[in-house]
Amino acid sequence: MPAFTVVIPARNEANYLPQTLRALERQTRAPDAVLVVDNGSTDDTVALARAWGAQVLRCTEKGVARARQLGLEAAQTPWVATTDADSLPAPEWLERLGAATPGRAALYGPMRFSGVAPHWSALSQAAYSGFLHGARLLNRPNLAGANMAYSREAALLAGGYPDVEAYEDVILGQALARLGEVAYVRGALVETSPRRLDRGVAPFLWQHLRNISGHTRGYFGDDR
């Protein structure tokens, strides 16, 4: 099983990041390195990450794509796994991803909302899985930064993350699919906070539709 670096971009995530780091502590296959890429936080994000033992990188240029790119470039392992600072990888996340690496350029898995009623959590997972299945049928895999992994060599060969405000993860995933096989790993679950629904379901879905149609502006409130 190849070595993995987990990269987490973060901007003012003191309320969420500790839970993400604790989820990484519970992995059945521990990460070989954890990089928290601070993107201009003004709260305790950096202090909390360092206290946990993560390596902290400073990204002075605002933008989640730039933060992810810095993490990709700094990683020293053959594989990079990414998640977000408000997300909770299931205990088997890295183990399932690691088992699926042979012959693949990139991997991704299911997601669902955390901290909501069980029926809403199940519905969010079913809806997202259906969306991912439709994207696969169209030969346009939709890899999300909260739950994806890739060969570092392949990602650099693909040009890394594009310098856009949003959709940078999906664009990289589709570039990786042109270089090699991209696989959906059903058991590699990540739960993510429902905070981007704060403005309502309709604006959330509208922003997603804009992004998947090619618009790369309007990130979902990453600096709240």
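**Sheets, buried residues and aromatic pairs in a predicted model**

Alanine 135 is buried (under 20% relative accessible area, with exposed over 50% and partly exposed in between; 1.4 Å probe, protein chains only), its relative accessible area being 8%. The structure is a predicted model, in which local features need pLDDT of at least 70 and side-chain atom pairs count only at pLDDT 80 or more, while totals for chains, interfaces and linings use all residues. Residues are numbered from 1 along each chain as its sequence is written, and side-chain values use heavy atoms, with hydrogens and water left out.

Alanine 135 belongs to helix α5; helices (H or I, at least four residues) and strands (E, at least two) are DSSP runs numbered from the N terminus. With neighbours within four places in sequence left aside, alanine 135 is in contact (heavy atoms within 4.5 Å) with Arg140, Pro141 and Asn142.

An open sheet of 3 strands has the order β5-β10-β7 and mixed pairing, two strands being paired if DSSP finds at least two bridges between them. Its edge strands, each pairing on one side only, are β5 (87-89) and β7 (111-113). The twist from one strand to the next averages 25 degrees. Axes are lines fitted to C-alpha atoms, for helices over the stretch in contact, and angles run from 0 to 180 degrees between N-to-C directions. Strands β5 and β10 (residues 190-192) run antiparallel and are joined by 3 bridges; in β10, threonine 192 is the bridge partner of serine 87. Helix α5 (residues 118-137) packs on this sheet and touches β7 and β10, with its direction at about 150 degrees to that of β7.

Serine 193 is located in the loop between β10 and α8 (201-212). This residue counts as buried, at 6% relative accessibility. Its side chain is joined to that of aspartate 86 by a polar contact of 2.8 Å. Such a contact is a pair of N or O atoms within 3.5 Å; within protein, one must be able to donate a hydrogen and the other to accept it, and residues adjacent in sequence count only if both atoms are side-chain atoms. Beyond neighbours within four places in sequence, serine 193 is in contact with Tyr16, Asp86, Phe113 and Ser114.

A further open sheet has 7 strands in the order β3-β2-β1-β4-β8-β6-β9, again with mixed pairing. Strands β3 (55-58) and β9 are the edges, each pairing on one side only. Neighbouring strands of this sheet are turned against each other by 25 degrees on average, direction ignored. Between β6 and β8 the pairing is antiparallel over 3 bridges, and the bridge partner of alanine 106 in β8 is tyrosine 150. Helix α2 (residues 45-52) packs on the sheet, touching β1 (4-10), β2 (33-38) and β3, and makes about 150 degrees with the direction of β3.

Rings of Phe, Tyr and Trp (its six-membered ring) pair if their centres lie within 6.5 Å, planes under 30 degrees apart counting as stacked, over 60 as edge-to-face and the rest as tilted. The count comes to 3 aromatic pairs. Among them, tyrosine 108 and tyrosine 184 have ring centres 5.4 Å apart and planes at 65 degrees, so the pair is edge-to-face. Tyrosine 108 is in strand β6 (residues 104-108) and tyrosine 184 in strand β9 (residues 181-184), so the pair ties together parts 76 residues apart in sequence. Tyrosine 108 is buried, with a relative accessible area of 1%.
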